[in-house]
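I opened the model today to look up a few local features. My entries follow in the order in which I made them.

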Amino acid sequence: QQQVKQSPQSLIVQKGGISIINCAYENTAFDYFPWYQQFPGKGPALLIAIRPDVSEKKEGRFTISFNKSAKQFSLHIMDSQPGDSATYFCAARNDYKLSFGAGTTVTVRA
Amino acid sequence: IAGITQAPTSQILAAGRRMTLRCTQDMRHNAMYWYRQDLGLGLRLIHYSNTAGTTGKGEVPDGYSVSRANTDDFPLTLASAVPSQTSVYFCASKGTSNTDTQYFGPGTRLTVL
């Protein structure tokens with residue numbers, strides 16, 4: 001049973017559009033919420049992360065929104081580019097171990 | 001600096017055979033992890049090691065064993081491979097800071113027939 005539920009499984013967006021990926025969790029012991037980006041044939045790489053005492057974090061075109069009371073967090077990719085086409089995983093940390101969502105494959109059409 | 005290296009890149013293995021996947025990091029990270037990645041399931045933790053000499057079980061440890069004789073190496077062994085162990089395996093490591101996150105290797109694609 002996955003501790004972090006991620007949706008959608010895949011999405012297609014036009015270049016310049018906004019991609020939104022949602023994650024939900026139940027375990028209130030989670031203390032750190034990273035997002036990873038993975039390109040085909042490569043290992044996941046950290047994209048952006050947030051701690052639960054912050055409601056939003058922005059790095060360039062990538063923003064995490066965090067709702068502690070709802071136990072939900074989301075990744076927004078603004079001005080999506082073809083180079084953003086990848087699989088994105090949300091994760092949550094407890095006791096320095098990460099639990100991952102199932103992943104979202106994002107395709108950006110030029 | 002290479003970061004994390006994994007070997008082999010890919011392997012086809014007959015069921016029942018023993019296989020060791022190798023993982024080496026040169027970042028002097030204390031913690032290391034093994035995950036398997038399956039479509040629709042994301043990454044699931046198999047085993048981990050918080051420091052050399054210690055190991056722990058993750059979410060899906062059955063059929064796998066690990067050892068951590070030194071800081072740099074963290075091999076994963078399948079004692080008797082089964083087809084359900086067909087997967088992509090990723091090794092990861094993490095430093096000691098509370099904000100450090102995990103750095104992943106390039107993965108090993110394993111097929112058990």
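I take helices (H or I, at least four residues) and strands (E, at least two) as DSSP runs, numbered from the N terminus. The model is predicted, with local features needing pLDDT of at least 70 and side-chain atom pairs counting only at pLDDT 80 or more, while totals for chains, interfaces and linings use all residues. Residues are numbered from 1 along each chain as its sequence is written, chains are lettered from A and ligands numbered from 1 in the order in which they are written, and side-chain values use heavy atoms, with hydrogens and water left out.

**Entry: His29(B)**

I looked up His29(B) and found it in the loop between β3 (19-25) and β4 (31-38) of chain B. Buried or exposed? His29(B) is buried, at a relative accessible area of 10%; buried means under 20%, exposed over 50%, and partly exposed in between (1.4 Å probe, protein chains only). I then listed its contacts (heavy atoms within 4.5 Å). Leaving out residues up to four places away in sequence, His29(B) touches Arg68(B), Thr71(B), Ser93(B), Lys94(B), Gly95(B) and Tyr103(B).

**Entry: a sheet in chain B**

I traced an open sheet of 4 strands in chain B, with the order β1-β3-β8-β7 and antiparallel pairing. Two strands pair if DSSP finds at least two bridges between them. β1 (4-7) and β7 (64-66) of chain B stand at the edges with a single partner strand each, so one side of each has no neighbour in the sheet.

I went through the pairs in sheet order. β1(B) and β3(B) run antiparallel and are joined by 4 bridges; Thr5(B) stands opposite Thr24(B) in β3(B). β3(B) and β8(B), also antiparallel, are joined by 3 bridges, and Met19(B) stands opposite Leu78(B) in β8(B). β7(B) pairs with β8 (residues 76-78) of chain B in the antiparallel sense over 3 bridges. Here Leu78(B) is the bridge partner of Tyr64(B).

In a regular strand the side chains alternate between the two faces of the sheet.

**Entry: salt bridges**

I counted a salt bridge wherever a side-chain nitrogen of Lys or Arg lies within 4 Å of a carboxyl oxygen of Asp or Glu. This rule gives 8 salt bridges over all chains.

Lys71(A) and Glu26(A) form one of them (3.4 Å, N to O). Lys71(A) lies in the loop between β7 (62-67) and β8 (72-77) of chain A, and Glu26(A) in the loop between β3 and β4 (33-38) of chain A, so the pair ties together parts 45 residues apart in sequence. Lys71(A) is partly exposed at 21%, and Glu26(A) is exposed at 61%.

Arg93(A) forms a salt bridge with Asp31(A), with the closest N and O atoms 3.0 Å apart. The two are 62 residues apart, Arg93(A) in strand β9 (residues 86-94) and Asp31(A) in the loop between β3 and β4 of chain A. Arg93(A) is buried at 2%, whereas Asp31(A) is partly exposed at 25%.

Salt bridges that share partners join Arg36(B), Asp38(B) and Arg44(B) into one network. Asp38(B) is buried at 15%, as is Arg44(B) at 17%.
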